[in-house]
Amino acid sequence: MQRHLITSAIPYINGVKHLGNLIGSQLPADLYARYQRARGNEVLFLCATDEHGTPAELAAAKANQDISEYCEEMHAVQAQLADGFRLSFDHFGRSSSQENHKLTQHFAGQLEAAGLIKEVIETQIYSHVDRRYLPDRYIEGTCPACGFEDARGDQCDNCTKQLDPTDLINPRSSISGATELEQRETKHLYLCQSNMRDNLENWIESKTDWPVLTTSIAKKWLHDGDGLQDRGITRDLDWGIPVKKGNSPWPGMEDKVFYVWFDAPIEYIACAQEWVNAGIHTLSFPATILGSGEPWKLVDYIKSFNYLNYDGGQFSTSRGRGVFMDDALKILPADYWRWWLLSHAPESSDSEFTWDNFQSSINKDLADVLGNFVSRVTKFCRSKFGEEIPSGGDYGQAEGSLIDNLASQVKCYEKYMEKIEIRKAASELRAIWALGNEYLQSSAPWSVYKEDEGTAAAQIRLALNLIRIYAVLSQPFIPTTSEKLMLAMDCDDWSWPENVLEATNTLIAGAKFTVPEMLFQKISDEECENWRSQFSGTR
RNA sequence: GGGCCUGUAGCUCAGUUGGUUAGAGCAGAGCGCUCAUAACGCUUUGGUCGCAGGUUCGAGUCCUGCCGGGCCUACCA
């Protein structure tokens, strides 16, 4: 038995995520976690919300809420949506947890002891009216280069010039519009990533099996310009993890908190402690971890994704364009979305969601190929033999070759799942479903029944067993449907079909089953039309 | 501006270290079946593999340039 610790990028607390976010992180992780569990391996699948930072504070203020209340509420919302999509987290934590406070402070202390932290005096903009320091992008003003009046402190949206907030003419707070801004010198901690460069490079070079997308970005950062830059890891904010060296105070850093990018990834580990309060082997953030000098387990594999586009453009959180997780569940069950998203995962390049494609995929794959298979088998059996697994007859040559084919396709499916080649795994699974229809067509129990009831019974017995096997194999993709199938077969044996011949004899003659309700309702043209216009923008 | 990824049948995508007639699903066409959500099965029509050169006995698969899509990043590789 293997042990797997699986996480995905942790979603920011601010707002409901769209389907592009979902397929880019949590959903593939869930697929893999479910698969590994199904194979009998020990899995700890963790996720959490990333809760610190200015955007969250401002969202809370806008909602007229205390920041901690806001986060608590939004965490509950996200947890509920995750549940709705059947994301099988063993724990869904929060980067604001006490465990993360402790662990983040611990890492900072270790890094300091290792000589990897330095103090830097930097200049930040303080707004008296807002009574807070403002990040660059929350300062607006006139661009010195092109005269654009709404340039942001980090970049001018008009001429794309990179800016410092101090470059702006007539700078103002984008929150309050206040112009009483003051440049203040403030002391912050920096992580000396540059000292870690060789260490990191060796580690990344060793990861030859990672996607190019993952390593090329890392290498770029390592080699570009002056190489890896040291980065500030603290901020002057109220909401966050207080700066400490382990349990001890950090002189001169009172009233400061760690910067969100430092504490958020540590939550990968901390949320495991929220779950199992013990030392664990886990993964995380290389510079921090390597630098700690402690024997933390580093991540083995990182799967990265491209983007899912929406109907000719991009999903947009700010413009409310595309389908968001909450709306998605309001119009269709989770399995519909899971199937489409996973079978079209943007693995090698961007992929695109269109309603036409969605409609035809769902109707064909789920309703026709899988749903109708279950329907024709169970209804035929009910009408000829009643609602129990029929007895009589034996498997013959046709059944033998079906079982052989199924066995080799299951192996193929396993191979893709192991390698996390999601689209290929999905198409293999679909081919396995189709195998059932091919078998029925060629064995034609409805004709055989007229001459030889026993043989027809054996054929249907096999087909009913296929339904159970499909439930097991399909569970990582469409868990709710799998449960319905199992329930219909009145069975609770989720064992993986290691031996397909055995697996086709799991449901034995005489056992009861029921004809399930229609598994998948087809999507009509009208529905598609309505949704297309409903989700075209600004929800 | 730089770096990286990408452009294959109407649509969504596969194409291993360059090697015989470029594949799948959907859509289209034909045939078959009738148990089933007018579902299923079989057969089949579609591609000068973005464009132009080059290397090679041979390139979708390597090199150069151009055009298009995307990502990362920035007074610099």
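Predicted model: local features only at pLDDT ≥ 70, side-chain atom pairs only at ≥ 80, totals over all residues.
Student: What makes β6 and β8 a pair?

Tutor: Helices (H or I, at least four residues) and strands (E, at least two) are DSSP runs numbered from the N terminus, and two strands pair if DSSP finds at least two bridges between them. β6 and β8 have 3 bridges, in the antiparallel sense, so they pair under that rule. Strand β6, residues 139-142, is also joined to β7 over 2 bridges, again antiparallel, and there G141 stands opposite A151.

Student: Why do β7 and β8 stand at the edges of the sheet?

Tutor: The open sheet has 3 strands in the order β7-β6-β8, with antiparallel pairing. β7 (151-152) and β8 (169-173) each have a single partner strand, so one side of each is left without a neighbour in the sheet.

Student: Why is the second largest pocket said to lie between two domains?

Tutor: By an automatic or database domain assignment, chain A is divided into domain 1 (3-102 + 263-351), domain 2 (115-257) and domain 3 (368-503). Both domain 1 and domain 2 give residues to the lining of this pocket, so the pocket lies between them. A pocket is, on a 1 Å grid over the protein atoms alone, an open set of points with protein on both sides within 12 Å along at least five of seven lines, whereas a cavity is a set where a 1.4 Å probe fits but cannot get out; lining residues have an atom within 4 Å of a point. The second largest pocket is lined by 19 residues, with E57, R131, R132, L237 and D238 nearest its centre. Two or more lining residues come from each of α3 (54-62) and β5 (132-134), and α3 gives the most, with 4.

Student: What volume does that pocket have, and how does its lining divide by class?

Tutor: The pocket holds about 400 Å³ of space, a volume being the space filled by probe spheres set on grid points that are joined across faces, edges and corners. Ala, Val, Leu, Ile, Met, Phe, Trp, Tyr, Cys and Pro count as nonpolar, Asp, Glu, Lys and Arg as charged, and the others, Gly among them, as polar. On that basis the lining has 9 nonpolar, 1 polar and 9 charged residues.

Student: How many cavities of 30 Å³ or more are there?

Tutor: The count is 2. The largest has a volume of about 60 Å³, and helix α4 (residues 67-84) gives the most to its lining, with 3 residues. The second largest cavity holds about 30 Å³ and is lined by 7 nonpolar, no polar and 1 charged residues, with α2 (26-38), α13 (397-418) and α14 (422-443) each supplying at least two.

Student: What area is buried between domain 1 and domain 3?

Tutor: Buried area is the accessible area (1.4 Å probe) that two parts lose on being put together, summed over both; here the value is about 2,200 Å², of which carbon and sulfur atoms give 58%. The centres of domain 1 and domain 3, taken over C-alpha atoms, are 34 Å apart, and their contact (heavy atoms within 4.5 Å) takes 21 residues from domain 1 and 21 residues from domain 3.

Definitions and conventions
Residues numbered from 1 in each chain as written. Chains lettered and ligands numbered in written order. Heavy atoms only, no water.
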